[in-house]
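Subject: Handover of a structure and the findings from it

Dear colleague,

Please find the structure below for your review. My account of the findings follows it.

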Amino acid sequence: MVQIDAKILVNEGIGPQRHKMALYAPQIGRQAKPGQFIHVRVSNNFPPLLRRPFSIHRVEGQKIEILYKVVGKGTEILSEKKRGEYLDILGPLGKGYRLPSATSKISDIILVAGGTGVASLLFLAEAISVANAELSILVLIGAKNREELLCEEDFRRLGCRVEVATENGSRGYKGLASDLLENYLPLSEDRPKPAVFACGPSEMLKRIGKISRKHRFPCQVSLEERLACGVGACLGCVVKAKGSSYTYKRVCKDGPVFDAGELIW
Amino acid sequence: MMQKAKDKPPNLGIELAGISLKNPVMVASGTFGYGEEYAELVDLNRLGAIVAKTITLKPRLGNEPPRIVETASGVLNSIGLQNVGIDAFINEKLPFFREYDVPLIVSIAGDTIDEYVQLAKTLKGEEISGLELNLSCPNIKYGRKFMFAQDPKTTHQVVSRVRKATSLPLMVKLSPNVTDISSIARVCEEAGADGVSLINTFTGMAIDIESRKPILRQITGGLSGPAIKPIALRMVYEVHRAVKIPIIGIGGIMTAGDALEFIIAGAEAVAIGTGNFVDPLTPIKVIDGIREYMIRNKIKDIKSMVGSLQCRKS
C-alpha cells in the first residue's frame, strides 16, 4: 500500500457516462492483485470530501487502469480531468480474488459481470489465463442496454467465451447476467463444479449468491460499498457476515472480495 | 561561533496534562483505528500522540449498516463503538505500540459509571500515556435518555470516580450537543480531569428522497469534518475562558491554518479526525505547516500561541 501522486495518461469516454482512466503508477501496478482497488482523491477542495474507490481494471507495464461510471459529483469531477494532471491515489487496497490453484478440481471458470463490475473481472481473467492456461473461462456480461455493455472484445481477445445479456434485449439474451448463469446450470453431478467470480450491483450479487448455494459451487463476489478511510480504520463500510451468531466485516480491508457463503445478505 | 537565537528551530513540543508531546498534533479517537491500519502510510513516530479507537469492557459488534454517508463538507457516521473489547485490546493491539515512540492515549466508554472505573483499573500498569473518557458517543444507547456528557451531574460522578481509580493523565471528550459546553468543561475540571477534548460529533441525519428513508440505518449519526469546524472553534474559545486545564481542539481540521486557529482560540493541542480519511498525511502536513508558520512569524515556542487571540477593543 502506497500513497502517490499519479500522472493521468488517458481519461476517455468509452460509452454513455462511462470512462476509462490510465494512471502512471508503477509502485501500485507491481503490487496489485485482481479485485484490489485504489482510493482516489478527486479534488484538493471539498466537497466532495472523501476519496472514491475504484477497482483496478488492468495493469500494463508501469500503468494501471480504472473504469468508472459518472454517478455523482466525485465521478463527474474525475471525468473532467485532463491528461497530464496528477491524482492523489492510495493503493493497492483490500483483499482481492483468490485465484484457483492448478490442482483444484474445478471444471472451468465463470465470470459474471454487471455494469462496470467488468472492471476487476478483466484483470482476473488475465491473471487466470497467465497462471493456468488450461482452464476455460466463460464470461457472462450484463447491462441495461447494448450501449452500456463493456469489455466484450477484451475478454474475447484473451480467449474467453463471452455471452451477453441486456435488460431491454437490445443485444444478446433479454434479461439479467444472473439468468445466463442459471441457464448454464444445473450441472451434472459427476462433473467437477465451476468456480464462479462475480462483480456488479448488490442485487445481482445477492441472486448469484443464492444460485451458488443451491447448486453448491464455489463463488467469490466483489462488493461495492461507499468507503471513508479505505484502510480498515473507520469501520464505516461493514457487511454482515457469519460468525458465532454474526459479525461485521470491513469491505475495504477484509474484502471487497468475499466468499458468497460467508455473507449474510 | 554561537548560534543566534533566531536561527534555532522553533519548539513545537508541549507538556499536555503531564504527557510530553513532540508537537501538538494528535490523531482523534475512532479515526485512526489502533494505529496499525495507517502504519504503512504514516510515520507514527512523528505524531504528537495517538488516541486509539474507543474500547469497552466487552467486545461490541457495532451498529447495523449503512453506517456512513458523506454530506456537504462533512461525514455522518453511526459506527456504534464497534471494538474488540479491553482484553483483546491489551493482548492483541497494545503490543504493536511498543515498537513506536509516540504517546498512546486510550479512549474508553462504558454503559455505566462502574464500567468506566473498571476499564481504568484494568488499564493500570499497561504501557499507555493517558486515558480519554468518551462521554459523548452519539451512536449508542446508554439505557438512559442522555449521553453522559449532556448531564453535568453524571459527568461529575464519572470523572471523579475514574479520577480516584487511576493516576494516569485523564482527558474527557465532550459533546457539542449541549446548551453550554463551558459548564460541562468546568464540571470536568472540578472533578479532577487533567484536560478536555472537544468536540465530539454533532447529531445529524440525511434522507434519501427517492425512498424517503434515512440513509443511516440508525436514522441519526454524528457529523464531523470541515462542516463543523467553525462551531468547534467557537466552543474551544468559550471553554478556554472557562477552565484552566488544557484543551485538545478537535473538529474538521484539514490544514495547519485550521490547527493554528484552534491553538489561537485556546487549544494546547489539536487532533485530526475526518482529515485522516481524506489524506492520511494530514497530521504530518499540519505539523510541517505549523513549523513553517512559526519560522515565518519568528515564533520560538508554540506555547506562546495558545489562547493568543487578539480581540478588538469595544
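Helices (H or I, at least four residues) and strands (E, at least two) are DSSP runs, numbered from the N terminus. The structure is a predicted model, in which local features need pLDDT of at least 70 and side-chain atom pairs count only at pLDDT 80 or more, while totals for chains, interfaces and linings use all residues. Residues are numbered from 1 along each chain as its sequence is written, chains are lettered from A and ligands numbered from 1 in the order in which they are written, and side-chain values use heavy atoms, with hydrogens and water left out.

I begin with the backbone. Most residues other than glycine have a negative phi, and most peptide bonds are trans. Pro65(B) and Pro66(B) are joined by a cis peptide bond with an omega of about -5 degrees. Pro66(B) belongs to the loop between strand 4 (49–51) and strand 5 of chain B. A cis bond also runs from Leu198(B) to Ile199(B), with omega near 15 degrees; Ile199(B) sits in the loop between strand 10 (195–198) and strand 11 (202–205) of chain B. In chain A, Arg216(A) is not a glycine, yet its phi is positive, about 50 degrees. Arg216(A) is placed in the loop between helix 6 (202–215) and strand 13 (219–222) of chain A.

I turn next to the interface. Contact (heavy atoms within 4.5 Å) links 31 residues of chain B with 28 residues of chain A. The two chains bury about 2600 Å² between them, 62% of it on carbon and sulfur atoms; buried area is the accessible area (1.4 Å probe) that two parts lose on being put together, summed over both. Glu70(B), Phe277(B) and Val278(B) account for 23% of the area that chain B buries against chain A, more than any other three residues.

Two salt bridges are counted between chain B and chain A, a salt bridge being a side-chain nitrogen of Lys or Arg within 4 Å of a carboxyl oxygen of Asp or Glu. A salt bridge joins the side chains of Glu64(B) and Lys240(A), at 2.8 Å from N to O. On the side of chain B that touches chain A, at least two residues each come from strand 5 (68–71), strand 6 (74–77) and helix 7 of chain B. Strand 5 of chain B gives the largest share, three residues. By class, that side of chain B has 15 nonpolar, nine polar and seven charged residues. Here Ala, Val, Leu, Ile, Met, Phe, Trp, Tyr, Cys and Pro count as nonpolar, Asp, Glu, Lys and Arg as charged, and the others, Gly among them, as polar.

On a 1 Å grid over the protein atoms alone, a cavity is a set of points where a 1.4 Å probe fits but cannot get out, and a pocket is an open set with protein on both sides within 12 Å along at least five of seven lines; lining residues have an atom within 4 Å of a point. Grid points are joined across faces, edges and corners, and a volume is the space filled by probe spheres set on the points.

The whole structure holds two cavities of 30 Å³ or more. The largest cavity has a volume of about 480 Å³. Among its 32 lining residues, Ser29(B), Thr31(B), Asn77(B), Asn200(B) and Thr201(B) lie nearest its centre. The lining of the largest cavity comprises 12 nonpolar, 17 polar and three charged residues.

The second largest cavity has a volume of about 40 Å³, and strand 16 (residues 257–259) of chain A gives the largest share of its lining, three residues.

Of its 22 lining residues, Arg41(A), Asn44(A), Asp88(A), Asp279(B) and Lys285(B) are the closest to its centre.

Yours sincerely
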